[in-house]
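I record what I looked up, entry by entry.

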Amino acid sequence: MQKIKNVFNNKIIKAGTWYTVTNLLIKGVNFLTIPIFTALMTTSEYGATNLYLSWVNIFAIIISFELYTTIGRAKSDFKDEYNEFHSSAMYLGALIFFVVLFIGVLFENYLVALTGLPVLLFYLMIIHSYGHFLQQYLISKYRFDYNYKKVSIVNVFLTGLGVLFSIILMTTIYSDQKVEGKVIGQLTPIIFVGLFTIVIFLIKGNFKFKFSHWKYALLLGGPLILHSLSYIVNNQFDRILIDKYLGKSEVGVYSFVYNIGMILQIILTSAIQAWVPWFYEKLEQDKRLLIKEAGKGFRDLFLLVFTGILFLTPELMQIMAGDDAYLTDYTISLVTWILIAGFFQFMYNIETYIEIFHNRTSLVSIASIISAILNLILNIIFIPIYGTIAAAITTAFSYFVMFVMHYIMSAKVIKDEIFGLKFHLVSLVNLTMFVFIFYFTQEYLLIRLVFLLGLSLYFLKKIYNIYNDTFKKIND
């Protein structure tokens, strides 16, 4: 019993649990409020809001210059200047924001036409993007300090108040301007968090800044801009092409089944958020064998989650759709490939952070750009021929190629092969085996449940044994 208690007291598992529950809660709130916003808004207003948020995601990458991704390495490289580094980052972030704002004013007509946003929403979008950067910076700082409760509080605060303010404004002051009401409602708590972030880091850093901090952050974070933009291409551009070649009905089907894959994506994001701070810490201590052993447990746990979602896909689709309209062999195949793509994301992520640890972020961007271009070309070629299934398969293939490139870069270019080829071959063999088992048993729920139960007992015992052999070291 004490050993089990030690397992759940481990900071990685604690953090991962908090992040997963929080992310699921946030997604749940967003999902449950969809009917409220669709009732309050016309389809064009709802579309305009989503267009606005799409541009926020793009501009947030540019304005942030991915500065928050440097925190993990800066914690080690600037041990004696850690607070001053954050203060410097606040000044640099503000400078980039004002430069982007100046460019926005200078080329207002062109950029308003490009984005398709009204002038007011265009400037709110720039402010929102800056606020998003500050939000991400604060959360990343908490994450690397293992303050997982504060991460959850900030995320829940932003989501809850954002929804509340939006509904209030859309039904009162902005009842005739629903888009502006929703946008301002979402933006208001982000502004509060942003101001808090600036003030707290400037005070802790004694309002200091160093150009050496700026140079470090720009050189390390800058190359990751292309990585993040490529990620958007990999995740969003397929829907644009499906709309172009097949129509909005097929986009609707693809978007629906993609929601099943998002369950795995939420868990992956939460797990990586918990893993990376510990991973950097142990890598700094040169405990590579420990990382590899813990990585096996991490891999097996994620593989179990992947298999659980895959095996319950037909039932999940029935629950989410409300009927059998979306439940066909074709849509089940779509979900399968989307989930496979999610597993390949896990595989490339654990290699990517080796490159980032060694300050080789340019290598990360090279792999991401090649993958995004490959995905784009394959989508253009195969979607008109094979339909939406081509989008799912090409996405999975592109992520697999990205994994291969990241493995080569970490193992051969950087020459820091922590996990090794055998580690990944085991992952691929298990992935393939479980997908084939699902393919032949998808019509038999009882068989899938029995297999899943046996697999759960096997993997959980294996994970527990790995942890039991190493937990004292992990808690060092």
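I checked helix α18 (residues 388–413) for burial and found that 19 of its 26 residues are buried (under 20% relative accessible area, with a 1.4 Å probe and protein chains only), so α18 is largely enclosed by the rest of the structure. Helices here are DSSP runs of H or I with at least four residues, numbered from the N terminus. The model is predicted: local features need pLDDT of at least 70, side-chain atom pairs count only at pLDDT 80 or more, and totals for chains, interfaces and linings use all residues. Residues are numbered from 1 along each chain as its sequence is written, and side-chain values use heavy atoms, without hydrogens and water.

I then looked up the span of α18, which reaches 36 Å from its first C-alpha to its last, close to the 38 Å expected at 1.5 Å a residue (1.5 Å times one less than the number of residues). Just after α18, I noted that K415 takes a positive phi of about 65°.

Next I turned to the largest nonpolar core, which has 136 residues. Such a core is a set of buried Ala, Val, Leu, Ile, Met, Phe, Trp, Tyr and Cys residues joined through side-chain atoms within 4.5 Å. M125, Y137, W275, F279, F306 and F419 touch the most other members. Helix α13 (residues 248–284) supplies the largest share, 18 residues.

Which residues does W275 touch, not counting residues up to four places away in sequence? I found I291, A294, G295, F298 and F419, where contact means heavy atoms within 4.5 Å.

Methods. Buried means under 20% relative accessible area, exposed over 50%, partly exposed in between (1.4 Å probe, protein chains only). Helices (H or I, at least four residues) and strands (E, at least two) are DSSP runs, numbered from the N terminus.
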